[in-house]
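Hi,

Here is the structure I promised to pass on.

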Amino acid sequence: ASKARTAYVCSECGADHNKWQGQCAECTAWNTLSEFVIEPASSAGGKSSVAATRRSGWAGKADAPTVTALKDVQHADEARVSTGIGEFDRVLGGGLVHGSVVLVGGDPGIGKSTLLLQAVTKMASTMPGLYVTGEESLAQVAGRGLRLGLPLDGVHALAETGIERILEHASRMRPGLIVADSVQTLWTEQLSAAPGSVSQVRESAARLVRYAKETGTAVFLVGHVTKEGGIAGPRVLEHMVDAVLYFEGESGSRFRVLRAFKNRFGAVNELGVFAMSDKGLKEVPNPSAIFLSGSREPQPGSCVMVTREGTRPLLVEVQALVDVSPLSNPRRVAVGMEGNRLAMLLAVLHRHGGVGVGDQDVFVNVVGGIRVQETAVDLPLLLAVLSSLRDRPLAEQTVAFGEVGLSGEIRPVPNGEERLKEAATHGFKRAIVPKGNAPKTKRIGEMEVVAVERLSEALEVAT
Ligand code: TYD
Ligand code: MG
């Protein structure tokens with residue numbers, strides 16, 4: 001039988017080369033070749049191909065495929081196992097599915113190892129775990145477990161980075177769950193590339209995915225987010241796994257948010273909220289108001305919004321700093337929201353609100369390290385910008401939400417009533433919201449609801 005060989009595959013066009021070169025001979029793209037392992041043809045007569053290894057996320061060698069009526073397919077509801085951490089289960093879609101592979105990404109030091117050690121020890125009775133550490137020593141892992149008071153019996157640990165040996169141990173021990181901390185430390189003997197390189201990370205992850213699918217073992221892959229924001233450089237890991245969760249937070253804040261970016265077994269955009277304490281990560285099951293900056297005095301450049309991430313409303317504070325720019329091309333910097341959207345909204349502000357910031361630097365930030373992805377941030381963002389520009393705070397206890405369209409119209413957002421109720425519960429006195437979201441009564445409890453249809457109206461009532 002022939003042996004596995006390596007090939008260099010272009011990530012642009014998929015062309016297959018025998019040796020590495022800077023430019024792809026097929027599509028002429030530069031620096032797109034990376035090393036792949038190509039498995040030999042199987043005895044079943046399959047053709048050796050790059051696609052075979054690329055598709056390695058799929059369950060092993062299936063029999064010759066046959067066409068089946070969809071209604072006749074045997075469907076077992078995925079059995080879920082609770083991680084013992086409610087907020088974690090929520091983000092996973094109700095627990096961990098057997099045989100699923102979940103990538104947990106985040107900045108170094110955010111708490112990924114802590115979270116997974118807590119989960120793996122809590123799950124020991126239902127899913128015996130193997131914690132593979134490539135970054136810390138066994139003593140460090142055990143020491144952390146003891147300090148956090150976690151039950152360590154039932155969890156095995158392995159300090160190893162070679163994927164062949166990890167899988168060897170796993171086949172012998174047959175754990176229900178493997179944690180690979182981190183995927184960046186894994187490497188395979190089959191590739192000559194340096195450990196940590198994209199090909200090594202990708203191939204090692206692929207081997208773990210294959211193992212998970214063949215044995216029904218659940219796998220957590222820990223990944224450090226690189227500067228570019230992708231896990232391990234290319235987004236390719238994201239395609240291989242069943243779920244991608246990001247662990248986010250702001251340095252200096254003890255709150256952490258776990259967010260599903262992709263989930264084959266549940267909804268995305270569900271948030272899990274944690275607080276880092278000296279006893280590890282604690283759940284915050286009722287996180288509604290933790291992302292407010294805490295200063296109750298109204299400040300210029302700040303607007304509280306009600307966002308709805310996943311299935312819960314959250315009050316978050318949007319801050320803006322607008323200042324005369326020394327640059328001919330003033331800066332627009334957005335933290336916690338999309339930068340392109342900021343530029344677009346500033347254009348709408350100029351054209352339809354009559355407020356120009358062309359000669360100003362504009363910085364915006366969502367407090368607490370949380371990221372707001374929905375368009376309901378548009379209106380509070382522009383109110384914060386206006387407030388900073390005028391150096392005048394919004395009226396005390398005001399919240400806002402709403403999408404701003406390119407023609408200056410304020411569009412309604414989903415679940416308006418729920419958002420308004422949440423704001424009223426937290427004592428806000430005035431809400432500026434899209435007309436489509438406002439109740440007929442103009443009030444919710446003690447809170448006055450101001451309905452606006454155009455950006456110009458919103459700017460007028462806010463200041
Ligand atoms: P860690 O889980 O090692 O982060 P990651 O694996 O994402 O790199 O978390 C490390 C940080 O968390 C470290 O800065 C200290 C802090 N921490 C606490 O505050 N309390 C604790 O109980 C633990 C275990 C960590
Ligand atoms: Mg770690």
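Buried here is 20 or more other C-beta atoms within 10 Å of a residue's own, exposed is 12 or fewer, and partly exposed is in between, with C-beta atoms placed from the backbone.

Bear in mind that this is a predicted model, where local features need pLDDT of at least 70 and side-chain atom pairs count only at pLDDT 80 or more, while totals for chains, interfaces and linings use all residues. Residues are numbered from 1 along each chain as its sequence is written, and chains are lettered from A and ligands numbered from 1 in the order in which they are written.

**The cores**

The largest nonpolar core has 120 residues, and the members touching the most others are Ala-180, Leu-221, Met-305 and Val-385. Helix H9 (residues 378-390) gives the largest share of this core, eight residues; helices (H or I, at least four residues) and strands (E, at least two) are DSSP runs numbered from the N terminus. At least three residues come from each of domain 2 (79-283) and domain 3 (302-462), with bounds from an automatic or database domain assignment. A second, separate core has seven residues, among them Val-9, Leu-33, Val-37 and Ile-38.

Back to Val-385: leaving aside neighbours within four places in sequence, its contacts (C-beta atoms, placed from the backbone, within 7 Å) are Ala-320, Val-322, Leu-349, Val-357 and Val-362.

**The annotated site**

An unreviewed UniProt entry carries a "binding site" annotation over Gly-106, Asp-107, Pro-108, Gly-109, Ile-110, Gly-111, Lys-112 and Ser-113. UniProt positions are in the numbering used here, feature names are shortened, and annotations may be inferred rather than shown by experiment.

Gly-106 sits in strand E6 (residues 101-106) and counts as buried because it has 23 C-beta neighbours inside 10 Å. Not counting residues up to four places away in sequence, Gly-106 touches Lys-112, Val-225, Tyr-246, Phe-247 and Glu-248.

Ser-113 belongs to helix H3 (residues 112-122).

**The whole protein**

There are 11 helices and 24 strands, and buried residues make up 42% of the 463 residues. The C-alpha trace spans about 75 × 55 × 50 Å along its principal axes.

Cheers

Conventions. Core = buried A, V, L, I, M, F, W, Y, C linked by C-beta atoms within 7 Å. Contact = placed C-beta atoms within 7 Å.
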